[in-house]
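Keep the viewer open while you read.

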Amino acid sequence: MKRNLSIVFICALLGLLSFVSLAKNRQNPSLGTSKNTVSKEDLGKLQKKSDKLFDQAILGKEKVHVIGEDGSERTYRIPDLPHDEEDYLSFYEVASRVDLDNDGITELIINGPYGGMYLDVRNGKVYELASGEGTACELDYAVYKGITYICHRDTTHMGREIFEMNAFDGSGKVVNSTRLSAEYWDKEYLDYDATCHFGEKEISVSEFLKLRKEIFGY
């Protein structure tokens, strides 16, 4: 009888440890990504392959694939994007390369309207990971507590400042999301009567300003 109880206790303990491990992975999107499971040598090889595909895409020899919310797919070529420097809505340019999805391999940033677009290499193709979607959904990114978040912000309209923050993994999936916001609908500018949140938690205006500075630098 005692032996059976011991076996039950051990099984329950193993189950609890597995649950805790899974919960940690969900909370920290940098866990379980390629930079933690692939050697530095292999990561370097993956980076070279990624850079090569980006170089080909910049020349127009590789298409950029866009997957719609309904699963449909369209493509475009980077050289075909408009380059009118005098028109904000028609000016795209190749910018920097930054690890935006926490996998240890850099993605390609294309500057353009509403923050431009972020491109990723997956399964031998170039994909659009995220793009700016208007003045209420401008594209940006930020690093917070060691995790890179791709952000869409609404900061140019009266009555609110909203930052939607999504952390991606190397497969293009969102693995962690949060939101920093200040709402002051009856006021023109942010003041100390604003209602602020970070995730589900209501915070003070002072805490909002501190987090905005810490995460976004202003």
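**Pockets, strands and loops**

Start with the second largest pocket: 16 residues line it, and Leu 46, Asp 103, Ile 105, Val 121 and Arg 122 lie nearest its centre. The model is predicted. This pocket holds about 290 Å³ of space. Which elements each supply at least two residues of its lining? They are helix H3 (40-59) and S5. H3 gives the most, with 5 residues. By class, the lining has 5 nonpolar, 6 polar and 5 charged residues.

Now turn to the largest pocket. About 570 Å³ of space lies in it. Its lining counts 26 residues, and those nearest the centre are Leu 129, Ala 130, Ser 131, Glu 133 and His 152. Five elements are named as giving two or more residues to this lining: strand S1 (64-67), strand S5 (117-122), strand S6 (125-131), strand S8 (147-154) and strand S9 (160-168). S6 gives the most, with 5 residues. The lining divides into 12 nonpolar, 6 polar and 8 charged residues.

Ser 131 sits in strand S6. Is Ser 131 buried or exposed? Its relative accessibility is 18%, so Ser 131 counts as buried; the cut-off for buried is under 20%. The side chain of Ser 131 makes a polar contact of 3.4 Å with the side chain of Glu 128. Beyond residues up to four places away in sequence, Ser 131 touches Gly 116, Met 117, Leu 139 and His 152.

S8 and S9 pair in the antiparallel sense, over 5 bridges. Together S8 and S9 form a hairpin with 5 residues between them. In that turn, Gly 159 has a positive phi of about 95°. S9 itself is mostly covered, with 7 of its 9 residues buried.

Which residue in S10 is the bridge partner of Ala 167? That partner is Asn 176. S9 and S10 also form a hairpin, again with a stated 5 residues between the strands. Here Gly 172 takes a positive phi near 85°.

Stay with Asn 176, whose place is in strand S10. Asn 176 has 19% relative accessibility and therefore counts as buried. Its side chain makes a polar contact of 3.4 Å with the side chain of Tyr 149.

Follow the chain past the end of S10. Tyr 184 is found in the loop between strand S10 (174-183) and strand S11 (195-198). What does Tyr 184 contact, leaving aside neighbours within four places in sequence? The residues are Gly 159, Arg 160, Glu 161, Tyr 189, Leu 190 and Ala 194. Gly 159 is the turn glycine of the S8 and S9 hairpin. Tyr 184 and Arg 160 are 24 residues apart in sequence, yet their C-alpha atoms are 5.8 Å apart in space.

Two other loops hold backbone angles to check. Tyr 114 lies in the loop between strand S4 (107-111) and S5. Its phi is near 60°, a positive value in a residue other than glycine. Tyr 114 has a relative accessible area of 23%, so it is partly exposed. Asn 123 lies in the loop between S5 and S6. Asn 123 has a positive phi of about 55°, although it is not a glycine. With a relative accessible area of 77%, Asn 123 is exposed.

Step back to the whole chain. It has 4 helices and 12 strands. Of its 218 residues, 38% count as buried. Among contacts with a separation of 6 or more, 36% come from residues 24 or more positions apart.

How values were computed: Residues are numbered from 1 along each chain as its sequence is written. This is a predicted model: local features need pLDDT of at least 70, side-chain atom pairs count only at pLDDT 80 or more; totals for chains, interfaces and linings use all residues. Side-chain values use heavy atoms; hydrogens and water are left out. On a 1 Å grid over the protein atoms alone, a cavity is a set of points where a 1.4 Å probe fits but cannot get out, and a pocket is an open set with protein on both sides within 12 Å along at least five of seven lines; lining residues have an atom within 4 Å of a point. Grid points are joined across faces, edges and corners, and a volume is the space filled by probe spheres set on the points. Ala, Val, Leu, Ile, Met, Phe, Trp, Tyr, Cys and Pro count as nonpolar, Asp, Glu, Lys and Arg as charged, and the others, Gly among them, as polar. Buried means under 20% relative accessible area, exposed over 50%, partly exposed in between (1.4 Å probe, protein chains only). A polar contact is a pair of N or O atoms within 3.5 Å; within protein, one must be able to donate a hydrogen and the other to accept it, and residues adjacent in sequence count only if both atoms are side-chain atoms. Contact means heavy atoms within 4.5 Å. Two strands pair if DSSP finds at least two bridges between them.
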